Amino acid sequence: MSLLDRFSLGEGFRKYFEIATAFDDTGRNDVFGIRHEVYCEELGFEPVRPDRRETDEYDRHSLHCLMRTSTEPHSLVGCNRLVMARPEEPDYPLPFERTCAATLDRSIIDPAKEPRGAIAEVSRLAVRAYYRRRKGETKAAVAISDEDFGTREQPRFPYIPIGLYLGVIALAKHEGIETLFVLTEPRLADHFAKLGVKITQIGGPVEHRGIRVPSMMNVDSIIKGLRFFVKPIWRVVAEEIEAGYTTSRPAFRPT
């Protein structure tokens, strides 16, 4: 990517990819199919399912976004989800609250004491093998590294993982979520800082498909703090997510 392209990331993203809400059965089946391909067939994180759909108990109260190529014929690229509190059982723990129960530093934040309708978790980020950032990447569903941003002389931008993160942030903003939790590789905060995103570690590391740390982000602060060169891609992603709400409504509606 040239230096000039770096200042038109929105158009660059639109040229190659599109983000869609996966609110209907077709969209959700695409999401579950990508997850099965990545988490079950490629990485072996979950057992292979006869229907080739990777789902869990949290999908019933989650909102999903889907990335596709922008030109015909569209090809599925990846997906992400926003896990919300259960409307009928708001105190039911989010996934990270179980995984990190013993390592959370509740002096920083205690999720159990937060308004449940204002928090959510980002999880099940998955990108199909063909679109992974490097050939031979076999141990992660997707990752961000220093190499993805290139160098001063040859800058690049990791459209796919950043687009998927921005997609779920746009979902969270639309739903009135204030705080996002995420369980990620330890260096994610450094990589997000390049984009102007502040992510705060809220507990010690755990073993969960590799070493992961629990962290939190404030949705409004993310949007306000994005660096100037990221704002164009944010605007494109936010528009595409908003367009999804005009054509289809999510089956799951938080209270």
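A salt bridge is a side-chain nitrogen of Lys or Arg within 4 Å of a carboxyl oxygen of Asp or Glu. Searching the whole structure turns up 24 of them. Keep in mind that this is a predicted model, where local features need pLDDT of at least 70, side-chain atom pairs count only at pLDDT 80 or more, and totals for chains, interfaces and linings use all residues. Residues are numbered from 1 along each chain as its sequence is written, and side-chain values use heavy atoms, with hydrogens and water left out.

**Salt bridges**
- Glu37 and Arg128 pair up through their side chains at 3.1 Å, N to O.
- Glu37 sits in helix H3 (residues 25-42) and Arg128 in the loop between strand S4 (119-127) and H5, so this pair ties together parts that are 91 residues apart in sequence. Helices (H or I, at least four residues) and strands (E, at least two) are DSSP runs, numbered from the N terminus.
- Arg128 is partly exposed, at 24% relative accessible area (buried is under 20%, exposed over 50%, partly exposed in between, with a 1.4 Å probe and protein chains only).
- Glu11 and Arg14 also form a salt bridge, at 3.8 Å, N to O. They are 3 residues apart in helix H2, so about one helical turn separates them.

**Helix H5**
- Just after H5, Gly176 takes a positive phi of about 75 degrees.
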